[in-house]
Amino acid sequence: MAASAYLRVLPLLHLRRLYNDLDFFDDEIFDLSLDATPANQLRMEVLAKRKRRTDKHISTILSAIGDDDQG
């Protein structure tokens, strides 16, 4: 019983971490944009790619949770 409860909560814990990552990416991109050196621009591009990947992970988890609840 405890294991099944943990497996229901695990995706939510992972989502929380992913949402925190998104906040970090947004904050870091904003900070880097204040000084638009070529190195900072490259770093912003890398962070934007990571942010897109994180968005996809969140969407995947949310759709899996939704599918699980439906049946």
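Trainee: In this predicted model, which residues does Asn40 touch, not counting residues up to four places away in sequence?
Mentor: Asn40 lies in helix H2, residues 38-70. Leaving out residues up to four places away in sequence, the residues that Asn40 touches are Leu32 and Asp35.

Trainee: Is Asn40 buried or exposed?
Mentor: The cut-off for buried is under 20% relative accessible area. Asn40 has a relative accessibility of 17%, so Asn40 counts as buried.

Trainee: How many salt bridges are there?
Mentor: One of them joins the side chains of Asp21 and Arg17, at 3.0 Å from N to O. Another joins the side chains of Asp26 and Lys51, at 2.7 Å from N to O. The count comes to two.

Trainee: How far apart in sequence are the parts that the pair Asp26 and Lys51 ties together?
Mentor: The side chains of Asp26 and Lys51 meet in a salt bridge. Asp26 belongs to helix H1 and Lys51 to helix H2, so the parts tied together are apart in sequence by 25 residues.

Trainee: And how many residues apart are Asp21 and Arg17?
Mentor: Both Asp21 and Arg17 lie in helix H1. Their spacing is about one turn of the helix, which is four residues.

Trainee: What is the area of the nonpolar surface patch that includes Val9?
Mentor: Val9 lies in helix H1, residues 2-33, and counts as partly exposed at 37% relative accessibility. The patch is made by Tyr6, Leu7, Val9, Leu10, Leu12 and Leu13, and its area is about 550 Å².

Notes
Residues are numbered from 1 along each chain as its sequence is written. This is a predicted model: local features need pLDDT of at least 70, side-chain atom pairs count only at pLDDT 80 or more; totals for chains, interfaces and linings use all residues. Side-chain values use heavy atoms; hydrogens and water are left out. Helices (H or I, at least four residues) and strands (E, at least two) are DSSP runs, numbered from the N terminus. Buried means under 20% relative accessible area, exposed over 50%, partly exposed in between (1.4 Å probe, protein chains only). Contact means heavy atoms within 4.5 Å. Patches are made of residues with over 30% relative accessible area and no salt bridge: like charges are joined within 9 Å, nonpolar side chains (Val, Leu, Ile, Met, Phe, Trp, Tyr) within 5 Å. Accessible areas come from the Shrake-Rupley method with a 1.4 Å probe; for residues, only the protein chains shown count as cover. A salt bridge is a side-chain nitrogen of Lys or Arg within 4 Å of a carboxyl oxygen of Asp or Glu.
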